[in-house]
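Hi there,

Here is the structure we talked about passing on. Please have a look, and then read on for what turned up in it.

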Amino acid sequence: MRLKCGFTALLTQKNKQLALAAYVAVAVILWVLRVPLFGLGADQPFGEMKRIGFENLFCVGFIAGIAGLILLFGMPYGGKCIHDNLQRIGFINSAGETPLLTARYMDNTNPHIEVLEFEANGIPLTEWENKREKIEAALNIHAVKIREGESKRRILLHCVPAGNGLPKVLHWEERFLSKDSFVLVLGESLTGRVTVNLAQIPHILLGGSTGSGKSVLLKLLLMQCIQKGAVVFIADFKGGVDFPDVWHSQCEIITGEKELLNLLASLEDELEHRKHRLKDAGCPNLDTYNSRTGAALRRMVFACDEVAEVLDKTGLDKQGKELVAQIESKLSVIARQGRAFGIHLILATQRPDANILAGQIRNNLDCRVCGRADNVLSQIILDSTDAAERIPKDAQGRFLLHDGTVFQGYLFDEYTALDKGGWAYEYTANHEH
Ligand SMILES: Nc1ncnc2c1ncn2[C@@H]1O[C@H](COP(=O)(O)OP(=O)(O)O)[C@@H](O)[C@H]1O
Ligand SMILES: [Mg+2]
């Protein structure tokens, strides 16, 4: 087993190959210089006998050395310690064996991350996931990712030392703004910057209990949309406290239901209008259309900070219910068709109420982000209870992305950003509305 691991390590890791090459090089030099170095000349007493004896011994030693080296490569540093620590927390199979560390190396896509490779010894991936926190504590690491290797018997634990966890606060800086259209930056995970490309994943659903940092993240995203030249509409039914004056000059803020319905209706019209334009020009999406025809159709983003307030039908009279149903159906159309035409939804909610966000809408919001949440809310947003388990109860601005990445969202506040040079979008004449 160790030999096999050693071979794998040799085949995959540069430093091991270098070590072996160095060993062979030294052996070759010794071999070439054996006569003068070890006094094996024919003129020496018993010279010939000594030489034959030495050569035989040397060959055996050389081969044994190679075997020894490969064996050593198969026994990664710290293996015993990891074994003991896993034993201590009872991370064992039914025969009482812990997983066996077979290799450790730095991740070649990210130099901060170490990969610990285990022979799982019959412990399935789900159990690693369930005991994630215990394993992290036992090995004094943060697990960035746990996954299966090329077979189910191999588990790869991507990690960083515990001291290098995510900071509690990360301040937004202007230079973080992505230059790529239409990439929005969310924050930082242990593996680097977390982004979402609205051209590929058009809509975002944001969840989290009160105080988890939803509004801050929403504003961070909208600020970037504005800077990138999108037309932003914000439905704010909470009296405008979350969106102070600077936002009013940058985007359209909607505060009433009728107004909202009118807006969504005009977005739907715009969608139909764009559909025809793109179809006539034979373009599959907005970016292609703009670049082929020289037009400058802007992306449109509709955001709502507490979408449950808008869509909740309980206690409404017939008329009210009808209004909400219309709003819902328009949101649904945008959710289904918005991608190609550059019309996007960013919806946030804190209410763990599955009935509020109709499946039609929810299923089409494929970028899911959840902050601190209970099991129910986490289930609604991410289809799993992971956010409840992996986001600390006192965390602010800490989120879990649908792909399992935990990240710290950038802390953004509109006034500080304005003082530092502003984030407002400068309108250019060639933009159509
Ligand atoms: N990314 C962040 N980093 C650090 N602190 C944050 C972050 N986002 C929010 N906070 C803190 O949490 C508080 C609540 O954030 P807010 O976005 O209003 O939460 P929510 O909208 O989920 O109720 C903010 O006033 C701020 O102090
Ligand atoms: Mg809020």
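Which backbone atom of Val 216 lies 2.9 Å from an oxygen atom of ligand 1? It is a backbone N or O atom of Val 216. Before the rest, some housekeeping. This is a predicted model, in which local features need pLDDT of at least 70 and side-chain atom pairs count only at pLDDT 80 or more, while totals for chains, interfaces and linings use all residues. Residues are numbered from 1 along each chain as its sequence is written, chains are lettered from A and ligands numbered from 1 in the order in which they are written, and side-chain values use heavy atoms, with hydrogens and water left out.

Back to the ligand. A polar side-chain atom of Ser 215 lies 2.7 Å from an oxygen atom of ligand 1, and a polar backbone atom of Gly 409 is 2.8 Å from a nitrogen atom of ligand 1. On its own, ligand 1 exposes 560 Å², of which the protein buries 74% (areas by the Shrake-Rupley method with a 1.4 Å probe). Around ligand 1 there are 15 residues (each with a heavy atom within 4 Å of it). Helix 8 (214-227) and strand 14 (406-409) each supply at least two residues of that shell, and helix 8 gives the largest share, three residues. Helices (H or I, at least four residues) and strands (E, at least two) are DSSP runs, numbered from the N terminus.

Next, strand 8. Five of the five residues of strand 8 (residues 231-235) are buried, so the strand is largely enclosed by the rest of the structure; buried means under 20% relative accessible area, with a 1.4 Å probe and protein chains only. Val 231, Phe 233 and Ala 235 cover one side, with Val 232 and Ile 234 on the other. In a regular strand, side chains alternate between the two faces of the sheet. Strand 8 runs parallel to strand 10 (residues 300-304), joined by five bridges, and parallel to strand 9 (residues 252-254), joined by three. Strands pair if DSSP finds at least two bridges between them. Val 231 stands opposite Met 300, and Ile 234 opposite Ile 253.

Lastly, Ser 189 sits in strand 5 (residues 183-189) and is buried, with a relative accessible area of 9%. Leaving aside neighbours within four places in sequence, Ser 189 is in contact (heavy atoms within 4.5 Å) with residues including Leu 166 and Phe 407.

Happy browsing!

How values were computed: Buried < 20%, exposed > 50% of the residue type's maximum accessible area, 1.4 Å probe, protein only. Polar contact = N/O pair within 3.5 Å; in protein donor to acceptor, adjacent residues only side chain to side chain.
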